[in-house]
Amino acid sequence: MSTTSTAPSTAPERHTLGIPDLCLVVLIGSTGSGKSTFAARHFKPTETVSSDFCRGLVSDDPNDQSASTDAFDLLHYIVGKRLAAGRLTVVDATNVQSEARKQLIALAREHHVLPVAIVLDIPEEVCAQRNASRPDRAALPRRVIQRHQRELRRSLRHLAREGFRKVHHLRGVAQAEAAELVRERRFNDLRHLTGPFDIIGDIHGCRSELETLLDRLGYTLTWDGSGRPVDAAHPEGRTAVFVGDLVDRGPDSPGVLRLVMGMVAAGHALCVPGNHENKLGRYLGGRKVQHTHGLAETIEQLEREEPEFRERVRSFIDGLVSHYVLDGGGLVVCHAGLPEKYHGRTSGRVRSHALYGDTTGETDEFGLPVRYPWAEEYRGRAAVVYGHTPIPRAGWLNNTICLDTGAVFGGRLTALRWPERELVDVPAEQVWYEPVRPLAADAPGGADGRPLDLADVSGRRVVETRHMGRLAVREENAAAALEVMSRFALDPRQVLYLPPTMAPVATAGEEGYLEHPREAFAAYREEGVRQVICQEKHMGSRAVVLVCRDQEVARERFHTPEGVAGAVHTRTGRPFLDDPALTGRLLDRVRGCVDAAGLWEELETDWLLLDGELMPWSLKATGLLRSQYAAVGAAARTVFPAALDALESASARGVDVAELLGRQRERAADARAFTEAYGRYCWPVGGEGEGDGAGAGDGGLEGIRLAPFQILAAEGRSLAALPHDRQLALIDRMIAAQGPQGRLLTPTRRLVVDTEDETSVAEGIRWWLDLTAEGGEGMVVKPLAGLVRKADGRLVQPGVKCRGREYLRIIYGPEYTRPENLARLRVRHLGHKRSLALREYALGLEALDRLAAGEPLWRVHEAVFAVLALESEPVDPRL
């Protein structure tokens with residue numbers, strides 16, 4: 001507690017009052033003491049919660065004392081909400097009664113902030129004069145002020161005992177007016193330190209291993225005259241951060257302390273306490289503690305040191321802060337882990353959790369407490385790095401990572417490089433201490449814990465994206481997506497991206513066409529996009545391919561099934577192929593192409609995420625073909641021959657049926673064209689018939705074609721914004737690297753068009769006409785540069801599809817080209833489809849950005865799930 005208690009003086013002196021930058025400030029003083037004026041002078045209007053204001057809100061009269069109960073209920077509610085949000089809050093009320101203060105102190109403790117009291121001890125006569133000058137207080141009885149003064153006097157000596165961590169007592173008007181408030185940074189708030197950092201796990205007296213690890217991390221050690229390490233500095237200015245448990249169990253706890261204390265004193269390191277330091281500190285402070293869990297060995301080692309060193313250790317431990325918030329709030333370091341609600345907060349509960357963690361109240365078969373799996377539920381933005389619970393290997397779970405890899409038990413001493421998120425470790429020189437429990441248990445939550453929760457996706461969602469701001473997902477859409485994900489989709493750890501829907505080109509003005517490239521080129525020209533790339537639209541189904549360098553990478557990184565080095569899924573996250581073995585063989589072929597093209601090394605990755613088309617269309621749409629398209633063709637083949645024969649016979653007999661016969665012949669021709677159109681998308685695969693360019697014995701891949709057209713992501717990088725010509729150049733190398741097994745990978749034909757050059761535009765139109773005349777589906781027109789924005793900063797459509805005249809016959813029906821039908825179909829409402837395409841595109845980019853940044857699965861999946869949810873919005877499926 002700090003107290004300001006200078007005697008009254010005629011010449012006012014400046015009084016500096018220090019308050020934490022996050023705390024609950026309780027103003028205490030009788031009515032008329034100037035609390036509201038003091039609050040207005042030193043705090044923002046939004047920081048102050050006034051009892052008078054709350055009284056006015058509930059009764060329309062700030063002086064209606066009968067409304068005080070409701071007013072204070074409201075005041076406490078507002079204070080609680082502000083403290084929960086991490087906002088400094090000031091309570092402007094008399095607060096002269098201990099019962100009123102008790103509720104406020106309880107609120108501060110509930111939200112783990114420090115309560116601070118500022119007492120305005122103003123003479124009774126001054127208070128009376130001030131009230132008399134206020135029309136709403138002029139009739140206030142003098143006895144009210146006297147009662148407040150008595151209660152204030154009784155309170156003064158007990159404020160610290162009540163729980164106020166600071167008490168500032170301002171005596172008289174002069175001191176109150178001369179006061180200056182200074183907001184002090186909390187000890188745990190080091191957000192201004194941005195690193196880079198090397199965060200080192202539990203050492204437990206393993207000095208030699210610590211020296212080896214620091215050397216591997218690039219630190220230069222300094223030695224004293226006795227050859228003992230006393231400091232270590234990094235030539236690039238990196239800062240070491242120790243997560244605690246420096247001592248106990250190992251061979252040289254004093255040596256570890258000497259080195260770490262030297263680094264901290266020199267500004268080369270930070271350190272938070274572990275539970276073992278806490279216990280050692282209590283011992284050195286004369287407290288009675290049990291000499292268990294390695295403390296006896298540390299005491300014996302310290303007894304060989306000089307008393308001055310032991311005093312330095314005691315002082316060092318006493319000054320350690322429970323946890324640190326670093327790097328702009330993006331990194332939290334503590335010993336035993338810390339839920340987000342405790343980050344940057346100050347209370348005994350926060351310190352206890354930071355030192356010991358939380359337990360379920362149970363014990364395991366070894367008699368040790370069962371840790372509460374807080375990391376499974378963690379959804380905070382800050383990465384939490386901790387130790388305390390020995391595990392065989394460090395790994396991320398929901399943006400948390402435990403670095404205690406049991407060095408003293410014969411495991412490894414591990415460090416995390418931040419912000420690189422790179423792990424560096426060294427093996428223990430021997431087993432220094434036999435563990436009670438084998439190093440097989442995971443940290444809270446475990447590597448195979450619960451990375452996703454129903455609350456991550458259910459209900460109305462708002463997803464914050466880098467490229468389009470806040471995007472909302474309606475509750476009913478989320479429910480529809482949850483049905484698909486939970487029943488049909490792959491493991492979410494393998495569904496890292498879902499392609500956005502694609503808007504069609506604007507309705508064509510050319511006679512006989514519903515879609516035409518001219519509108520696509522004109523639209524991009526209007527949006528300031530000069531160069532576009534026209535890509536062949538393949539006759540298949542959209543597929544996202546996750547391919548890994550080997551099965552170990554796939555299993556460790558993405559938890560894939562045995563024998564499958566990746567995943568292949570549809571645009572709704574469902575497995576593309578029903579047979580896992582066939583999926584594995586397909587991925588093996590793709591992996592071989594990536595390997596032969598040298599892309600693993602060039603892109604510095606062990607996995608790639610590809611976007612493409614898997615063909616034929618019948619591979620995935622057999623049911624649709626049989627129930628919808630083939631049924632129409634079969635009906636036409638059954639009905640039209642007999643009808644035409646009857647009409648031709650009637651015509652031969654002289655009956656005037658020429659108009660009807662001509663119309664039916666046209667309908668029969670349209671039906672044949674319809675059958676031919678969808679027939680181009682069907683061919684036998686996997687030994688059903690002769691393969692197309694793949695030899696027998698191709699492992700069931702006969703006839704299957706994959707046309708990748710974009711590399712979406714690699715380890716640590718989103719490649720979605722890479723220009724499309726560079727994307728396709730990388731993919732061409734994969735295709736060219738195919739071996740003699742056959743051609744699984746198929747190239748994507750393309751043409752670059754200058755939208756401001758009429759000759760180039762005409763060439764693009766001819767290219768599309770030739771492509772569709774050959775039976776092709778059409779093309780996709782995209783900005784060549786990849787990610788493009790308009791002049792006003794809004795995203796440009798990432799691509800529009802321009803489908804061929806005959807392909808659209810499949811979509812709109814055999815007779816859609818008839819003038820009367822085209823006239824009706826030209827009334828297309830594309831606004832919602834285009835909006836949907838842009839929102840899904842932004843969400844897809846967000847998923848890739850989060851994946852590249854190493855964010856936890858729930859954050860990546862939040863954006864992926866939102867894409868699927870938006871797919872359930874009602875829109876014309878023909879678009």
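## Basis of the model

Residues are numbered from 1 along each chain as its sequence is written, and side-chain values use heavy atoms, with hydrogens and water left out. Because the model is predicted, local features need pLDDT of at least 70 and side-chain atom pairs count only at pLDDT 80 or more, while totals for chains, interfaces and linings use all residues.

Helix H10 covers residues 253-265, where helices are DSSP runs of H or I with at least four residues, strands are runs of E with at least two, and both are numbered from the N terminus. Its 13 residues reach 18 Å from first C-alpha to last, close to the 18 Å expected at 1.5 Å a residue, the expected span being 1.5 Å times one less than the number of residues.

Eleven of the 13 residues of H10 are buried, so the helix is largely enclosed by the rest of the structure; buried means under 20% relative accessible area, exposed over 50% and partly exposed in between, with a 1.4 Å probe and protein chains only. Among the buried residues are Pro 254, Arg 258 and Met 263. Arg 249, in the loop between strand S12 (239-242) and H10, is buried as well, with a relative accessible area of 17%, and has a positive phi of about 80 degrees although it is not a glycine.

## Cis peptide bonds

The bond from Trp 418 to Pro 419 is cis, with omega near 15 degrees, and a cis bond with omega of about 5 degrees joins Met 615 and Pro 616.
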